[in-house]
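Welcome! Let us take a friendly walk through a protein model, one part at a time.

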Amino acid sequence: MTTRVIEVDPERFDRWMAGFAERHGTYDAAEEPAPGGVVVSARAADGSSLVATPFEHDPLGVVLVRRGGYAVGLARAGAFTASKVGTRHVQSRTAAGGWSQQRFARRRGKQADELVDAVVGHARRVLLGDDESPRAGADGIPRGLVVGGDRALVREVLAAPALRALAGLPARELYDLPDPRRDVLETALRRGRAVRVELTEAATGVT
């Protein structure tokens, strides 16, 4: 038996399940309602099994932050309606010691603070609207978040008072993503919307 996690686009999940049956035989399935959709559990004739967990939140916000840049976006029905991508330099660590190290640490910390402040401002405008045109209710504030990049920086961004409306939202974490760019933002949205399938196979199959 081998177990792995597969991300399946929600639009092709039914087709993927049909392929599961072709590879492993007929299966018994159970469905359980959950905040992100319906969780599907199945066990096939050859002993293979799966648990499929969706993340069906719409609108969906995306917040990606690394020391090299950031990306934020608001998506509806799988497409971005607003987004902002940018770069922001934060120096890497240095091996120098003494006074130079302390000065470097202060400068690096200041750059990180400026990065967080910039991302908070962009996230406020993109995800929540501005003071002149705030987004509210079902047509605006995200119902879920996709986050990725540097875990500590993401935590600082989301802890900002300006983003308190996002507190407590269900989140899908993608901390394996590279430096945020436009294509990485699109990848985060696709993976954020995906059905996560924990698949245990009795025999190797093709996905």
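## A pair of strands

Valine 40 in β3 is the bridge partner of glutamate 31. Another such couple is alanine 29 and alanine 42, the latter again in β3. Strands here are DSSP runs of E with at least two residues, helices are runs of H or I with at least four residues, and both are numbered from the N terminus. This is a predicted model, in which local features need pLDDT of at least 70, side-chain atom pairs count only at pLDDT 80 or more, and totals for chains, interfaces and linings use all residues. Residues are numbered from 1 along each chain as its sequence is written, and side-chain values use heavy atoms, with hydrogens and water left out.

How many bridges link β2 and β3? Strand β2 (residues 27-34) and strand β3 (residues 37-44) pair in the antiparallel sense over eight bridges; two strands count as paired if DSSP finds at least two bridges between them. They form a hairpin, with two residues between them. Buried means under 20% relative accessible area, exposed means over 50%, and partly exposed lies in between (1.4 Å probe, protein chains only).

## The sheet and its helix

Now step back to the sheet. Five strands make an open sheet in the order β1-β10-β4-β3-β2, with antiparallel pairing. At the edges are β1 (2-8) and β2, each pairing on one side only. From one strand to the next, the twist averages 15 degrees.

Helix α1 (residues 13-24) lies across β1, β2, β3, β4 (49-53) and β10 (195-201), and runs at about 5 degrees to β10. Axes are lines fitted to C-alpha atoms, for helices over the stretch in contact, and angles run from 0 to 180 degrees between N-to-C directions.

## The largest nonpolar core

A nonpolar core is a set of buried Ala, Val, Leu, Ile, Met, Phe, Trp, Tyr and Cys residues joined through side-chain atoms within 4.5 Å. The largest one has 23 residues, and Val63, Val65, Val119, Leu127, Val157 and Leu163 touch the most other members. At least two residues of this core come from each of β5 (60-66), β6 (69-76), α2, β8 (144-149) and α3 (151-158). The largest share, eight residues, is supplied by α2.

## A histidine in α2

Helix α2 (residues 98-128) also holds histidine 122. Is histidine 122 buried or exposed? Histidine 122 counts as buried because its relative accessible area is 15%.

Leaving aside neighbours within four places in sequence, histidine 122 is in contact (heavy atoms within 4.5 Å) with Tyr70, Val72 and Lys84.
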